[in-house]
Amino acid sequence: MRALRPWLLLAPALGVLAVLLFWPLVRVVSLSFQEYGLRQINTGESNYTGLDNYREILGDSFLWTTVLPNTVLFAVSCVVLTVVVGTLVALLLQRLGKTWRVICSTVIMMAWAMPAVTGTYVWIWIFDPLNGVVSGGLDAVGAIEPRETNWFTDRWSFYAIATLNVVHHGFPFVAVTLYAALLTIPRELPEAALMDGANAWQRFWRITVPTIRPVFAVVTILSTIWDFKVFAQIYLMPGGSGANPDVLNLGVWSYIQSFSRNEYGMGSAIAVLLTLLLLAITVGYVKALAREGDQL
Amino acid sequence: MAHTSGRGGASGRGGASGRGGARARRRRLVAAVAALTLGAVTACGGDEGGEPDALQLWIMDGTNPDAGPYVEALQAEFEERTGVALDVQFIQWADAHDRITTAMAGGELPDVAEIGTTWAPEFGAAGALADLAPRIEEDGLADDLVPGLYDAGTVDGATYGMPWYAGVRSLIYRADVFAEHSLEPPTTWDELRDVGLALRELEPDMIPFPVSGGGEYGLDPFIWGAGGDVAEPDGEGGWRSTVNEPEAIEGIEFYTSLATEHGLSVAAAETWLETDQLESFQNGEAAMVINGNWTIATLLEADPSWADRIGVVPIPGRDGGFSPSFVGGSLLGDFNSSEPDLAWELITLMSTGEFAASWAEQSGYFPGQQSLLEEVQERDDPLVAPFAQQMSEAGANLPVTEKYGAIQGEQVLPRMLQAILSGEATVREAADEAAAAMDETFAG
């Protein structure tokens with residue numbers, strides 16, 4: 001009985017996890033091996049087809065030429081930009097006086113607090129080709145002809161706007177976390193370096209970065225996970241829900257297969273692949289981190 | 001109700017593990033688990049109970065701006081006729097398809113629900129809808145149903161939905177601008193192009209005719225008007241795409257050339273949905289749009305003075321007459337109700353006679369009964385009659401097969417339109433690609 005007690009106490013939490021996380025996970029994996037449509041939903045029967053879904057996805061050139069490059073390139077640029085901008089803002093916060101620091105952090109918190117859907121609509125509105133702020137400004141200086149401009153149809157400009165959106169929404173978390181980490185650096189370290197004649201660039205790379213490296217790792221891993229599975233910010237953009245196949249990423253592709261085409265098996269298989277990809281990246285990060293930890 | 005008690009049980013369990021002695025804790029835990037289980041049991045019991053105390057009906061929110069009085073009258077009438085209560089739930093169009101799918105998976109479907117015309121073959125093929133054909137036959141209703149709507153719910157002789165109400169798209173134009181420049185609404189394709197070119201000169205700040213790339217319902221009339229079709233039965237029980245055959249190509253070419261060659265549209269419209277196009281009309285930018293009869297109510301609600309500034313004509317045919325337009329709308333489907341007689345009673349009550357007429361009138365749509373539709377047409381309202389004429393004389397249907405739902409979900413035709421409008425592909429290339437994508441789905 002005594003041995004059972006910890007499990008009994010854990011049971012509620014484990015139960016919730018099992019129902020909310022584990023069971024859906026098992027279902028998605030099992031669905032990914034089936035051809036599962038409305039008919040199966042209605043009857044509740046299983047319809048296993050082995051690896052067919054995976055074979056079809058991995059054999060589809062669309063995955064390799066469009067969906068995967070879109071997902072990976074987009075995630076990499078977003079993560080790099082988010083961390084760079086977040087770091088710069090954190091350094092700025094550290095230097096500001098109290099009043100300005102409060103003002104600045106309040107403003108960036110507002111960017112963070114904005115729901116992704118609202119934020120996306122704001123960016124669409126800003127870049128509206130006909131009546132948007134940006135096209136209005138560029139039109140005023142004679143740079144573009146609004147009636148002949150549409151940024152949403154081109155893959156690169158589409159993703160440039162999406163990147164702005166995601167970085168704008170993601171950098172406050174990085175900035176706030178890194179600012180907190182910066183406060184933990186003992187004051188003597190940069191002071192001593194300053195005495196030795198190190199400039200700001202050297203102090204940043206030789207002192208700041210090594211001291212708070214684990215925090216950098218955490219924000220990078222989290223940003224990577226978030227930016228890989230971006231959905232709403234792409235799906236809600238004009239043409240992003242499937243009308244423009246050039247801009248699909250893994251998340252949206254999975255959604256279209258499952259819910260627009262009622263091929264739940266195929267959609268699940270794409271979701272499983274996305275999870276595996278994320279898992280591989282995260283494991284890679286954590287391993288690299290552990291190695292560095294050993295060296296220090 | 002039962003679900004709420006289940007949730008209460010769960011939170012009780014969470015609270016119990018937080019405080020008190022070990023024994024008390026365990027006792028509370030047991031109690032909470034028991035409550036939870038009981039909740040689950042009663043939840044099941046409630047659903048599968050023997051005699052029906054109420055029939056479940058799901059209808060879409062927002063179609064009828066003030067649905068309250070209608071629903072009350074319907075409930076009273078139904079209860080009086082059958083002695084059974086009617087439980088009405090409003091659901092949102094935007095997530096209705098997912099909602100029904102989820103309810104299907106969870107075995108929580110209502111007895112009767114409003115469904116979009118294109119969903120009938122889909123849910124019908126999945127086996128979730130009852131075939132109403134024998135009952136329609138028995139009651140002698142078939143001859144008086146609006147054909148486009150009736151056909152949309154009928155696959156291989158089985159009818160999965162009873163026509164309830166319908167809408168259709170026609171050409172809406174700025175009557176005030178046309179009058180100012182003494183222009184006449186177009187009656188042929190050439191006139192449509194010429195009047196657009198004239199507007200481009202006369203009103204340089206306006207968009208003469210936005211060609212929006214995000215929806216297919218503006219394009220379909222031109223494919224049909226040129227004598228083509230999106231797909232046709234292949235004679236072996238399946239379908240094949242005909243969107244890349246010469247007639248269809250001619251229609252696509254004309255429609256897209258209005259934007260690409262004649263500059264009657266703007267680049268922004270390449271990614272517009274129908275709602276964006278309506279917005280541009282509402283902002284005073286667009287001069288002519290192809291949009292639905294239901295949008296008139298939206299326009300008038302925002303600003304009653306629109307009544308004097310808009311005109312409506314059926315979509316012009318290539319050389320006169322009309323180009324067919326898609327008849328969209330709603331059917332009432334019986335989701336394998338355990339009380340099929342009551343479900344049918346409710347369906348006929350709503351879709352014929354007094355209740356059908358008042359719903360159509362309140363919502364700004366057209367009734368699904370031909371006789372009621374003709375009554376509307378005879379009233380000769382200039383903002384209603386042209387739509388009614390379009391529907392009864394030039395209404396058309398998209399392929400009635402579950403596969404076409406998947407094709408629409410994949411946005412095959414918007415994809416084609418956007419590729420042409422943005423100059424990424426020629427009409428021929430884009431149409432070939434669209435046909436290939438459709439055939440892949442038809443075959444799969």
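Trainee: Is V312(B) buried or exposed?

Mentor: V312(B) is buried, because 22 other C-beta atoms lie within 10 Å. The cut-off for buried is 20 or more. Keep in mind that this is a predicted model.

Trainee: Where does V312(B) sit?

Mentor: V312(B) belongs to strand β10 of chain B, residues 310-313.

Trainee: Which residues does V312(B) touch?

Mentor: Leave out residues up to four places away in sequence.

Trainee: How many residues separate V312(B) and P185(B) in sequence?

Mentor: The two are 127 residues apart in sequence. In space, V312(B) and P185(B) are 8.6 Å apart, C-alpha to C-alpha.

Trainee: Let me step back to the whole of chain B. What is its secondary structure?

Mentor: Chain B comes to 20 helices and 13 strands. Of its 444 residues, 46% count as buried. Now take the contacts in chain B with a separation of 6 or more. Residues 24 or more positions apart account for 75% of them.

Trainee: Pick one helix. How many residues has α14 of chain B?

Mentor: Helix α14(B), residues 340-351, has twelve residues. From first C-alpha to last, α14(B) reaches 16 Å. That is close to the 16 Å expected at 1.5 Å a residue.

Trainee: Which residues of α14(B) are buried?

Mentor: They are L342(B), A343(B), W344(B), L346(B), I347(B), M350(B) and S351(B).

Trainee: What comes just after α14(B)?

Mentor: Look at the backbone there. G353(B) takes a positive phi of about 65 degrees.

Trainee: Now chain A. How many helices and strands has chain A?

Mentor: Chain A has 14 helices and zero strands. The C-alpha trace of chain A spans about 75 × 75 × 35 Å along its principal axes. Buried residues make up 33% of the 296 residues in chain A. Take contacts in chain A between residues at least 6 apart in sequence. Of these, 67% join residues at least 24 apart.

Trainee: How are two packed helices described?

Mentor: By the angle between their axes and the distance between the axes. Here is a case. In chain A, α8 (residues 155-182) and α11 (residues 213-228) pack at about 160 degrees. Their axes are 10 Å apart.

Trainee: Are α8(A) and α11(A) roughly parallel or roughly antiparallel?

Mentor: An angle over 145 degrees counts as roughly antiparallel. Therefore α8(A) and α11(A) are roughly antiparallel to each other. Their crossing is right-handed.

Trainee: Which residues meet between α8(A) and α11(A)?

Mentor: From α8(A) come V166(A), G170(A), V174(A), T177(A), L178(A) and A181(A). They meet V215(A), V219(A), S223(A), W226(A) and D227(A) in α11(A). By class, this contact has seven nonpolar, three polar and one charged residues.

Trainee: Last topic, the contact between the chains. How many residues does the contact take from each chain?

Mentor: It takes 28 residues from chain B and 26 residues from chain A.

Trainee: Which helices of chain B each supply at least two residues of the side that touches chain A?

Mentor: They are α1 (2-16), α4 (93-106), α5 (119-125), α18 (402-409) and α19 (412-421) of chain B. The largest share, four residues, comes from α4(B).

Trainee: And by class, what does the side of chain B that touches chain A have?

Mentor: That side has eleven nonpolar, eleven polar and six charged residues.

Key. Residues numbered from 1 in each chain as written. Chains lettered and ligands numbered in written order. Predicted model: local features only at pLDDT ≥ 70, side-chain atom pairs only at ≥ 80, totals over all residues. Expected span 1.5 Å × (residues − 1). Buried ≥ 20, exposed ≤ 12 C-beta atoms within 10 Å, placed from the backbone. Axes fitted to C-alpha atoms, helices over the stretch in contact; angles between N-to-C directions. Parallel < 35°, antiparallel > 145°, perpendicular 65-115°, else oblique. Left-handed = near helix turned anticlockwise from the far one by under 90°. Contact = placed C-beta atoms within 7 Å. Nonpolar A, V, L, I, M, F, W, Y, C, P; charged D, E, K, R; others polar.
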